[in-house]
Amino acid sequence: MRAIWSGAIGFGLVNIPVKLFSAVQASELDLDMLDKKDHANIHFQRVNANTGREVKWENIVRGYKVEDNYVVLDETDFEKASPEKSKIIEIAEFVDEKEIDSIYYETPYYLQPEKSGAKPYALLRDALKKTGKCGLGTYVLRNRESLVLIKPQNELLILNKIRFAEEIRDTDELNIPDVKIKPAEMNMAVQLIEQLTTDFDISNYKDTYNEKLLKLIMAKAKGKKPAATKMKVVHSKSRDLMAQLKESLSAPKRKAS
């Protein structure tokens, strides 16, 4: 793995030199875009809106439009805006992770200590384990300020980017009807939930779609015409909610996929 950022965690007056690594990778197949006529690759170009000519990366700059003119920015401008946040993940406070709604979570990263930061890294990790807390702070990566949670996981510290409150859309425009639930319906629903409740084990779930898609691709590559898989959707014959709940309780438990 290659580090995507290096800096330090600010823990009180203690600085912990660290490197940041992406903790996730895509599982979907890498499909290319092709021309339908001759299957040639589709290329995307960065084109000058005035001349129609392609512009090389080294000749592209970023700017912000003020009235009718652009204010052009370079890398030093981004660093000058907040140099401390470009190099330090400052822990502002400690919180209980259970108080943070899952809607705020964005991307996880691994934090690895530099040699000089091994002891304070271990101290922060173990102190977070002992208190059951997470560190909440901010830093700047790729010219974007991020709100982050730092929490322990086994021997590691994990950094989770979380969204700012203003990034979450308001729900006022949604139309959620006011519906009254009968006590008997609630009891049946609770029974169904309890019947399907298990200990969480992420290894029970696999990305089977891409596995099946790759199998189809390999079959087509050999000149075979893959048979279409029939979709099996089981619905209740009744439109009555209570009847559907009763059928659900008596149905065999489905396996994770």
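1. Because the model is predicted, local features need pLDDT of at least 70 and side-chain atom pairs count only at pLDDT 80 or more, while totals for chains, interfaces and linings use all residues. Residues are numbered from 1 along each chain as its sequence is written, and side-chain values use heavy atoms, with hydrogens and water left out.

2. Helix H4 covers residues 183-195, and its end C-alpha atoms are 18 Å apart, in agreement with the 18 Å that its 13 residues should span at 1.5 Å a residue (the expected span is 1.5 Å times one less than the number of residues).

3. The buried residues of H4 are Glu185, Met188 and Leu192, where buried means under 20% relative accessible area, exposed over 50% and partly exposed in between, with a 1.4 Å probe and protein chains only. Seen down the axis, these buried residues fall within an arc of 65° and so line one face of the helix, the arc being that of the directions from the helix axis to the C-beta atoms.

4. Pro183, Ile193 and Glu194 are exposed on the face of H4 turned away from its buried side.

5. Two aromatic pairs are found in a search of the whole structure (rings of Phe, Tyr and Trp, the last by its six-membered ring, pair if their centres lie within 6.5 Å; planes under 30 degrees apart count as stacked, over 60 as edge-to-face and the rest as tilted). The rings of tryptophan 5 and tyrosine 139 have centres 5.2 Å apart and planes at 75°, so this pair is edge-to-face; tryptophan 5 and tyrosine 139 are both buried.

Terms used. Helix = DSSP H or I, 4+ residues; strand = E, 2+ residues; numbered from the N terminus.
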